Amino acid sequence: MSAAGSTILIVDDDVDARASTTSFLRTRGYVVIEAASLQAGEREFRERLPDLALVDHHLPDGTGIELIKLLRRIDERVPILMVTGHASYDLAVQAMKVGAENFLTKPIYPAALLVAVQRVLDSFRDRRRQVARSANDVRSRLDPFAGESALVRKLMEQAHQVLDSHTPVLISGETGTGKGVLARWFHEHGPRAEEPFVDINCAGLSPELLESELFGHERGSFTGAATSKLGLLEVAHRGTAFLDEIGEIAVGLQPRILKVVEEKRFRRVGDVRSHSVDVRLITATNRDLTRMVRESSFRSDLYFRINTIHLKIPPLRQRPEDVPALARQVVEHLGLRRAIEISPEAMAAMQGYAWPGNVREMRNVLERAVLMSDSGNRIEASDLRFEVISDEAPDSEVLTLDELERRHIEHVVRLEHNNIDRAATRLGVSRSTLYQKLKRYREEAS
């Protein structure tokens, strides 16, 4: 977001001065909120979360210094400019100490005001961008669309169609398919890329703790709440909030999530006042939310709101042709200082495996293979150890290379609906070779 279009809160009891400043800033493209007292300024700040506050020192119910202290406790990230008609060195020092970015003296000439506002907003925005870039740099930049299958191409097409929207997105898929990777892709390639990305795992937290983490709390709102705390939704203001495992949120907490989606408002735990927040909400689940709605364990109104855009990541067993690209990507992101090669035999073995744990399991298998590899630079089929979980084999079984090849061939033939020509092309072998292998498999089974 450019400086123009930013929201500025003006707190000043001088009606003429406030009206003049408001009119000037609005002609320059800013959104302006007005307040005439300390109490009104605090309320508007909480509810609107502006990008900048202009605070007059002399207010009918307090001082600008007092108000700055209050505002900094609400959100210390928002820059504040103090304005006064009675400037002094001591007051300027005091204002800076409590958190003001700068100190302006009345009367403020429009050109000087514009320069000060733009400078503070640009500096603030640069700091936010640097924080966002630093956070992105430490993440593994996995490609959620690695591969060449029709399924992953379709997923990529759907994601690009809604990338620039601010509408909520629901990502579903089995455990380990990369729902979090896709959520990060949405943030890093969308219009909020230079704003915060907050990842909130809703599983494993009690409803009370999750409520505090999401919405924050006021001091004294419960035992141990010695200070006020910003919620993660506030931290994500103007950015993206990713709620992983959304199906684990308690039913009693779900109306509060719905209020954020519909009204962009919430209340901290122990607070009677509402706050506004602007986030793009991305949610993910490996559960069947429609069944949960039928069972009344998930609210239908929340489901319909977060399900406006629904993207489903297919499991790895449905797209074996994507395994080579994914495997190479995973190896590159293991953080090794040397190049690792995957032998054709090892790749064939991986394509023949069902991957119940999907990409997350692939990372574990490949990381272990690198550590156990005799050469250290090349992964062979013998280095791979799969945790086979099926009706056909116990957990401890390690399949032979021949068995892995057989399962992979039969899987591809099924995918091609028993069309030998297409299956042979997909496998990269001649029709006669494939026919002979299938004939041998039938003879061995008889």
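Which residues are buried in helix α17 (residues 420-427)? Select the helix to find out: Ile420, Ala423 and Ala424 are buried. Look down the axis of α17, and these buried residues fall within an arc of 100°, so they line one face of the helix. An α-helix has 3.6 residues a turn, so residues three or four places apart point the same way.

Stay with α17 and inspect its two ends. At the start, a side-chain oxygen of Asn419 comes to within 3.2 Å of the backbone nitrogen of Asp421. Gly428 follows the helix and has a positive phi, near 80°.

Before going further, colour the chain by confidence. This is a predicted model; the mean pLDDT of the protein chain is 85, with 90% of its residues at 70 or more. Strand β8 (residues 169-172) has the highest confidence, at a mean of 97, and helix α5 (residues 110-137) the lowest, at 72. Over residues 134-140 the pLDDT is below 50, and this stretch has seven contacts in the model beyond near neighbours in sequence. Select residues 389-397 as well: pLDDT stays under 50 there, and the model has nine contacts for them beyond four places in sequence. Where pLDDT is low, the predicted coordinates should not be read in detail.

Next, select His187, in helix α7 (residues 179-189). Is His187 buried or exposed? Its relative accessibility is 2%, so His187 counts as buried. The backbone oxygen of Glu195 is reached at 2.9 Å, and the side chain of Thr240 makes a polar contact of 2.7 Å with that of His187. Leaving aside neighbours within four places in sequence, the residues in contact with His187 are Arg192, Ala193, Glu195, Pro196, Phe197 and Thr240.

From Thr240, move to the loops on either side of strand β12 (240-244). Arg238 lies in the loop between α9 (232-235) and β12, and Glu245 is in the loop between β12 and α10 (254-263). Neither is a glycine, yet phi is positive in both: about 75° for Arg238 and about 55° for Glu245. Arg238 is buried, with a relative accessible area of 16%; Glu245 also counts as buried, at 16% relative accessibility.

For the last stop, select Pro107, in the loop between β7 (102-105) and α5. What is the peptide bond from Lys106 to Pro107, cis or trans? The bond is cis, with omega near -5°. Most residues other than glycine have a negative phi, and most peptide bonds are trans.

Technical notes. Residues are numbered from 1 along each chain as its sequence is written. Side-chain values use heavy atoms; hydrogens and water are left out. pLDDT is the predictor's confidence in each residue, from 0 to 100. Helices (H or I, at least four residues) and strands (E, at least two) are DSSP runs, numbered from the N terminus. Contact means heavy atoms within 4.5 Å. Buried means under 20% relative accessible area, exposed over 50%, partly exposed in between (1.4 Å probe, protein chains only). A polar contact is a pair of N or O atoms within 3.5 Å; within protein, one must be able to donate a hydrogen and the other to accept it, and residues adjacent in sequence count only if both atoms are side-chain atoms. The arc is that of the directions from the helix axis to the C-beta atoms.
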